[in-house]
Each structure stands twice: as structure tokens, then as C-alpha cells.
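The exercises below are meant to be worked with the sequence and the model side by side. Try each task before reading its solution.

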Amino acid sequence: MTDADRPEDPSPVTAEVRPDDGDLDASLRPKCLDDFIGQPRVREQLHLVLQGATQRGGTPDHILLSGPPGLGKTSMAMIIAAELGSALRLTSGPALERAGDLAAMLSNLVEGDVLFIDEIHRIARPAEEMLYLAMEDFRVDVVVGKGPGATSIPLDVAPFTLVGATTRSGALTGPLRDRFGFTAHMDFYDPQELQRILTRSAGILGVRIDADAAAEIAGRSRGTPRIANRLLRRVRDYAEVRADGRVTLAVARAALDVYDVDELGLDRLDRAVLGALVRSFGGGPVGVSTLAVAVGEEPATVEEVCEPYLVRAGMIARTPRGRVATAAAWERLGLVPPPDLAVGGIAVRVNEPQRTLFDES
Ligand SMILES: Nc1ncnc2c1ncn2[C@@H]1O[C@H](COP(=O)(O)OP(=O)(O)OP(=O)(O)O)[C@@H](O)[C@H]1O
Ligand SMILES: [Mg+2]
């Protein structure tokens, strides 16, 4: 493969949706709670919330799904509606710019509907305030007119369940967060779960895959089902073009080499960032912008795309004075870490729970 026929962003290991994921995402989504692999706690909790409401014959509490991109929040929202036998109305925070947009959405709801607001942390303030009342009292006040003559007309909203999804639950305002009866925190998947997801996806796509090959892809998927499914598709292409279509361990490894995804799921940019941090800056601390210049990238890309995973993989630590390479990073590059590396609370930072790391970004 030459550089010219690579897609614009050659890295297949970004967790965000990409335009070419569309069909794939839809066909591979789990359709019911039993289909959903991993997140055992969330599944059990949700099962209880949904079952409880069904037995009482009411609508369940509003549900907030939080977690990094590509872990199954949208899939779970669809499953919630399916399990309740309800219709899913779909919108997103950025789409609700004016309160009127939300009022229109709410007034069209039928009793029992599930209203899914993706990226709910990006909802505009007036719409958010309208949402408070709708969530609590199933009512909205629509303001008609302007200035002193403006009147507010109360409108009833059919009892519904709001499902909000957010990659940054820390960015949600307190009042909004408090109105959710239940918050499900989605966490990264372990390699065994990803392997089961890959095996399921291969079955749906009609791809023959060996168990060890699925395990290999799982290990490079950054704990993220969306990445696992995307890598599977790339590996399938390779298997069909360069081999007999069957995904063996050797085929999987060769394909992932072509796409520059290493054993840890690091891509070329991740490795460049690590390399610059260790080789050019002696392991840090160094600011993100300086680091970004060194690898010829935008600071935002380094901070939002590379860093979360490098931190999670225990390669980089965020400290008040800048980014620091951990011993694992030095070793990964085949170098001996300096003897004074363990100071500065680095180990503590690395082992912090993920949620905090993502919420503050
Ligand atoms: N538990 C799972 N089992 C099987 N496949 C899954 C699972 N979770 C996610 N997927 C797959 O990963 C893809 C991405 O999931 P989804 O779109 O639900 O993530 P998301 O959390 O909504 O991401 P974003 O934050 O970017 O909106 C889905 O199309 C689905 O194929
Ligand atoms: Mg989503």
C-alpha cells in the first residue's frame, strides 16, 4: 500500500466515530441486553431499573450513560428502548440550541417513549432549564412573545424516560445530573470481552476467524469495541486480498502491521509522542503544546486523541508541571529509565481511576 491510497486519517485506532464506520456500527450493534457483551454491572443495574418499572407499569427513571467514546452508550440507549418495547426519539445536545427545539421534541412524545439525548453535556442553557421541569414534572413552560408582554404557557408532556449520554459527565451541571435517577458508568472492556465481541462481529460479517487471531486483535483495541470492530474490518480486507479470506493469527498480525497498530494498540502518532517525550525531553515534564510541536501535530489532537490512552496504558503521567514519561514508556522504547523517575507522585497518578482522567480533559 502506498501513502496515496491511505485514507486521510490513517489511524484505525481512534475511538471516535468515523464516517466510514456507519454501516458497520449499525449492523454490529447488540440489539438486547443479553446480546450486550461486557459491562456486567451496568447490565445488571439496568436490568433491575427496567424490570422494576415494567412490573410497576410505569416509566423508568431517567438514565445517564457516561463513559469514553465507542464503549456502547448509543447501543445501550437503543437497547433500553427495545427492552421497554418503546419508541426511541433521538437527538443530541448540540442540536438543542434553542429551548424551542426541545419543546417541539418534548411535545411530540407519546407516553412511555424513550428520548435519547446524545452528548447531553453540550446542551444549550435555555434548553437545559426547560429540560429540568420536563424531567421532574413532565411539563414545560413555553414562553410566547418578548419583553413585558411575554406570557408563559404551560404544556403537559407525556411521561417519558430520558436517556442521556455523555463522554464528559464532569461537564454536566449539578442540577441536570441530579435529575437522573440512575447513572451507568461504562468502563473500558478487558481483552477477553473484546475477543467475544470480535467473535460475535465476525459471525455477523461472515468472517472466518481463529480464536488466537481474535485475541490478538482484542489486545490491540484499546479496550474499545468500536476500535475492535474497525480493526476486524481492516484485517478482513487484508485476509481477502492477501490470503484466502480466513483470519489466522499470522494474517491478523501482518494486517495490523500494515496499519501501524502495535501490540498495545498504539499507532504511529502515539509512538511519536512517546518517542519525543523520552528522547527529546528526557522524559519530561513538558507541556502538551511543546510536545505537539515536536511531533508536528495540533495540541488538541495530542491531548484528546493520544494522551487518554497513553495515560491509561501507564505510559504517560499528567503532572501539574507537564507530561512525564513513566518507566513503562522508557522500557517500551528499549531504554533504561533514569533512577530518580519514581519521585513526584507519578505512580499515584497513573493508577487513578479512569473516570477522573476523562472528566478533567
Ligand atoms: N457491548 C458491546 N457488544 C458488542 N458490540 C458493541 C458493544 N459495545 C459497543 N459495541 C460496538 O461498538 C460500536 C460503538 O458503540 P456505540 O456507538 O454504542 O458507542 P458510544 O459509546 O455511543 O460512542 P460515542 O461516545 O462515540 O457516541 C457499536 O456500533 C457496536 O458495534
Ligand atoms: Mg454514541
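**Exercise 1. How many helices and strands are there in the protein?**

Before counting, note the conventions: residues are numbered from 1 along each chain as its sequence is written, while chains are lettered from A and ligands numbered from 1 in the order in which they are written. This is a predicted model, in which local features need pLDDT of at least 70 and side-chain atom pairs count only at pLDDT 80 or more, whereas totals for chains, interfaces and linings use all residues.

Step 1. Taking helices as DSSP runs of H or I with at least four residues and strands as runs of E with at least two, both numbered from the N terminus, the protein has 16 helices and nine strands.

Step 2. The radius of gyration, taken over C-alpha atoms, is compared with the globule rule, 2.2 Å times the number of residues to the power 0.38. The protein has a radius of gyration of 23 Å, close to the 21 Å given by that rule for 361 residues, so it is as compact as a globular protein of that length.

Step 3. Along the principal axes, the C-alpha atoms fill a box of roughly 70 × 50 × 40 Å.

**Exercise 2. Describe the domains of the protein and the distance between domain 1 and domain 3.**

Step 1. Domain bounds come from an automatic or database domain assignment, and here that assignment gives domain 1 (39–185), domain 2 (189–258) and domain 3 (268–359).

Step 2. Between the C-alpha centres of domain 1 and domain 3 there is a distance of 37 Å.

Step 3. Two residues are in contact if their C-beta atoms, placed from the backbone, lie within 7 Å. Of the contacts in the protein with a separation of 6 or more, 70% are between residues 24 or more positions apart.

**Exercise 3. Which residues of helix 4 are buried, and why can they be said to line one face of the helix?**

Step 1. A residue is buried if 20 or more other C-beta atoms (placed from the backbone) lie within 10 Å of its own, exposed if 12 or fewer do, and partly exposed in between. In the protein, buried residues make up 38% of the 361 residues.

Step 2. Within helix 4 (residues 99–107), the residues Ala-99, Leu-102, Ala-103 and Leu-106 are buried.

Step 3. Seen down the axis of helix 4, the buried residues fall within an arc of 105°, the arc being that of the directions from the helix axis to the C-beta atoms, so they line one face of the helix.

Step 4. The buried residues of helix 4 pack against helix 5 (125–137) and strand 4 (139–144).

**Exercise 4. Are Arg-29 and Tyr-189 buried or partly exposed?**

Step 1. A "binding site" feature in the unreviewed UniProt entry includes Arg-29 and Tyr-189, together with other residues including Lys-73, Ser-75 and Arg-226. The annotated positions are spread over 199 residues of sequence and are also spread in space, up to 36.9 Å between C-alpha atoms.

Step 2. Arg-29 lies in the loop between helix 1 (22–28) and helix 2 (40–56), and is partly exposed because 18 other C-beta atoms lie within 10 Å. Not counting residues up to four places away in sequence, Arg-29 touches Ser-75 and Met-78.

Step 3. Tyr-189 lies in the loop between strand 7 (182–185) and helix 7 (191–205), and is buried because 24 other C-beta atoms lie within 10 Å. With the same exclusion of residues up to four places away, Tyr-189 touches Gly-38, Leu-194, Gly-223 and Pro-225.

Definitions and conventions. UniProt positions renumbered as here; feature names shortened; annotations may be inferred.
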